Amino acid sequence: QVQMVESGGGVVQAGGSLRLSCVASGRTLVNVDMGWYRQAPGKEREFVAMTRWTWRGYTSDYDDFAKDRFTISRDTAGNATYLEKDSQRPGDTAIYCCNEHVHGPDPIDYWGEGTKVTVSS
């Protein structure tokens, strides 16, 4: 059973930075994508950033709002992903959830419970 555990959420002032972590356990596959989604109060969940597995290594992609302020990374073993969030805005307040997408004929998605980030103005 794959488990995803996020950490690093909290309260940060506007303009500040925060680093989120997500560690996956219970899997043996390496050809998986790991990344982040967020859900703000009263809004639908939205994509933030993802590290995607390829035969040549991991690539990263971001939603437009995250490209200039967020940085996603992956540890060398492929079991953890991190999200550096700079220049935080009140609009970044949300629950940030870690996602793992397993490739294959029957793709599977795993989710963490999320870590809450509040950006105060």
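**Exercise 1.** In this predicted model, find out which residues S21 is in contact with, leaving aside its neighbours within four places in sequence.

*Solution.* Start by locating S21: it sits in strand β3. Now look around it, skipping those neighbours within four places, and you'll find V5, E6, S7, W36, T81 and Y82 in contact with S21.

**Exercise 2.** Is S21 buried or exposed?

*Solution.* Check the relative accessibility of S21, which is 14%. The cut-off for buried is under 20%, so S21 counts as buried.

**Exercise 3.** Work out the order of the strands in the open sheet, and which strands stand at its edges.

*Solution.* Follow the pairing across the sheet: 4 strands line up as β1-β3-β8-β7, with antiparallel pairing. Next, look for strands that have a single partner: these are β1 (3-7) and β7 (70-74), so one side of each has no neighbour in the sheet. Going from one strand to the next, the twist averages 15°. Finally, zoom in on β3 (residues 18-25) and β8 (residues 80-85): 6 bridges join them. For instance, L18 has K85 in β8 as its bridge partner.

**Exercise 4.** Find the disulfide and say which hand it has.

*Solution.* Searching the whole structure turns up 1 disulfide. It joins C22 to C98, with an S to S distance of 2.0 Å. The torsion about the S-S bond is about -85°, so this disulfide is left-handed. What about C97? C97 is in no disulfide, and the nearest cysteine sulfur, that of C98, is 8.7 Å away.

Conventions. Residues are numbered from 1 along each chain as its sequence is written. This is a predicted model: local features need pLDDT of at least 70, side-chain atom pairs count only at pLDDT 80 or more; totals for chains, interfaces and linings use all residues. Side-chain values use heavy atoms; hydrogens and water are left out. Two strands pair if DSSP finds at least two bridges between them. Helices (H or I, at least four residues) and strands (E, at least two) are DSSP runs, numbered from the N terminus. Axes are lines fitted to C-alpha atoms, for helices over the stretch in contact, and angles run from 0 to 180 degrees between N-to-C directions. Buried means under 20% relative accessible area, exposed over 50%, partly exposed in between (1.4 Å probe, protein chains only). Contact means heavy atoms within 4.5 Å. A disulfide is a pair of cysteine sulfur atoms within 2.5 Å.
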